[in-house]
Amino acid sequence: MNKSIQETLTLNIEHIGARGDGVSRDQDRAVHVPFTLPGEQVEANQRGDRATLVKVLQPSDERVEPVCGHFSICGGCSLQHWAEGPYLVWKAGLVERALQRVGIEVALPPTQPAWGQGRRRATFHGKHAGPRFLFGFTQAKTHQIEPISACPVLTPGLNAAIPRMAILAEALAPKQETIDLLVTETPVGLDVDVRNAGRIDKFERKGLERLAALAEAAAIGRLTLHGQTALTRVTPRVKMGQAIVELPAGAFLQATRAGEEALAARVLKWTEGRKHVADLFAGIGTFALRLKDKALVRAIESDVQAVAAMKRASDGLAGGKTLIAEARDLFRAPLAPLEMKGLDAIVFDPPRAGAEAQSVQIARSKIDLVVAISCDPASFARDARILIDGGYRLAEIETFDQFRFTSHVEIAAKFVR
């Protein structure tokens with residue numbers, strides 16, 4: 001069908017695709033229909049390989065009532081309409097199929113929920129629209145803002161902060177452009193990084209006083225403008241194991257506290273008894289600071305501020321073993337086999353792109369234990385194939401769900417020689 005022509009059709013949904021859309025077949029071509037489920041017959045407006053749902057003609061027994069009134073408009077969630085059981089089976093299946101595509105056969109149990117109290121990080125958007133100020137999340141497939149006052153996947157603390165963040169955003173937003181607020185909830189207060197409000201040096205004394213008043217009213221611990229500190233009422237801190245880490249602006253954290261604890265538990269369990277461990281793509285020390293209790297840890301991370309925060313947190317710990325933290329770009333300069341001498345385990349947790357270059361080097365080494373953490377099935381499968389071709393065996397693998405109602409999945413895997 002011509003992609004420019006829209007046609008209303010009756011479609012039978014066969015399965016859920018990798019991004020959470022229902023998939024039908026039209027003359028042997030996949031057609032993606034959001035907010036549908038396997039086994040359903042639907043009426044949809046089709047244009048090319050995409051379609052918009054008009055009506056569910058025959059609903060699935062697995063269809064449930066969405067928990068949020070913004071569902072199907074807000075772009076944050078894609079699967080609130082699916083019952084929890086089959087949804088978690090499907091998430092594990094995303095990893096199974098990614099591994100099968102590179103010739104690795106596994107059978108995984110359903111993905112384990114790691115939602116905890118909800119997501120502790122969110123990016124909100126705001127924009128002036130005539131007399132109104134819109135504040136919320138972007139709508140699905142557009143840059144339009146869906147105004148929200150509450151979100152079911154956020155922590156209670158972040159939900160309570162939404163009205164205050166809206167006031168801050170409206171006060172700082174340019175007249176014709178979108179403003180973004182990257183908000184992280186910590187035990188000691190909110191950490192807010194504002195994007196597109198201008199650099200801190202453009203604010204004169206009165207402007208800075210106004211910023212301070214806004215931050216005070218919004219109960220913000222630290223306010224930064226695109227990473228530049230505007231003011232700090234209290235330095236945002238999080239606990240990792242026994243360590244207290246002062247967060248650099250914009251620092252990466254696992255989406256939920258429960259997810260962080262689940263992944264860390266697997267790292268500690270699988271490296272038990274190892275005395276000298278490398279933690280690659282270490283971030284601010286999510287795993288390294290916990291491993292330090294019983295092992296000498298070499299932690300490598302490209303972000304200089306993250307490395308400094310990890311060092312300070314390690315220095316503040318009493319007892320335990322030594323942690324050596326260094327800044328290094330492992331994409332351009334992966335740790336080589338000769339540099340792995342003395343190690344008896346490697347842990348790596350790369351960004352979504354994975355750790356291809358580093359996996360090649362590990363595969364050439366004599367290390368007999370590798371723990372891989374990943375947030376992307378495709379890059380994980382590629383890296384797993386490299387390790388297995390280098391002589392490793394996939395001994396254990398588990399999946400976790402931090403991003404509820406979405407297609408994102410976390411992976412923890414143990415490779416041994």
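Guide: A contact here means that heavy atoms lie within 4.5 Å. With that cut-off, 61% of the contacts in the chain with a separation of 6 or more are accounted for by residues 24 or more positions apart. The model is a predicted one.

The chain as a whole provides the setting. Its secondary structure consists of eight helices and 23 strands. The radius of gyration is 23 Å, close to the 22 Å given by the globule rule for 417 residues, and the chain is therefore as compact as a globular protein of that length. Along the principal axes, the C-alpha trace spans about 65 × 65 × 35 Å. Of the 417 residues, 51% are buried.

The part to examine closely is the packing of helix 1 against helix 8. Two packed helices are described by the angle between their axes and by the distance between those axes. Helix 1 covers residues 84-101 and helix 8 covers residues 377-389; the two pack at an angle of about 40 degrees, and their axes are 8 Å apart. Because angles under 35 degrees count as roughly parallel and those from 65 to 115 as roughly perpendicular, this angle makes helix 1 oblique to helix 8. The crossing of the two helices is right-handed. On the side of helix 1, the contact is formed by Leu-94, Val-95, Ala-98 and Leu-99, while helix 8 contributes Pro-377, Ala-378, Phe-380, Ala-381 and Ala-384. Sorted by class, the contact of helix 1 with helix 8 comprises nine nonpolar residues, with no polar and no charged ones.

Two individual positions complete the account. Ser-314 belongs to helix 6, which covers residues 304-315. Its relative accessibility is 6%, so Ser-314 counts as buried. Leaving aside residues up to four places away in sequence, Ser-314 touches Leu-289, Lys-292 and Leu-323.

Gly-118, by contrast in setting, is found in the loop between strand 7 (112-113) and strand 8 (121-129). Gly-118 is buried, at a relative accessible area of 13%. Although 34 residues separate Gly-118 from Pro-152 in sequence, their C-alpha atoms are 7.9 Å apart in space. With residues up to four places away in sequence again left out, Gly-118 touches Val-153, Leu-154 and Thr-155, as well as Ala-255 and Thr-256.

How values were computed: Residues are numbered from 1 along each chain as its sequence is written. This is a predicted model: local features need pLDDT of at least 70, side-chain atom pairs count only at pLDDT 80 or more; totals for chains, interfaces and linings use all residues. Side-chain values use heavy atoms; hydrogens and water are left out. Axes are lines fitted to C-alpha atoms, for helices over the stretch in contact, and angles run from 0 to 180 degrees between N-to-C directions. Helices (H or I, at least four residues) and strands (E, at least two) are DSSP runs, numbered from the N terminus. Angles under 35 degrees count as roughly parallel, over 145 as roughly antiparallel, 65 to 115 as roughly perpendicular and the rest as oblique. A crossing is left-handed if the near helix is turned anticlockwise from the far one by less than a right angle, and right-handed if clockwise. Ala, Val, Leu, Ile, Met, Phe, Trp, Tyr, Cys and Pro count as nonpolar, Asp, Glu, Lys and Arg as charged, and the others, Gly among them, as polar. Buried means under 20% relative accessible area, exposed over 50%, partly exposed in between (1.4 Å probe, protein chains only). The radius of gyration is taken over C-alpha atoms; the globule rule is 2.2 Å times the number of residues to the power 0.38.
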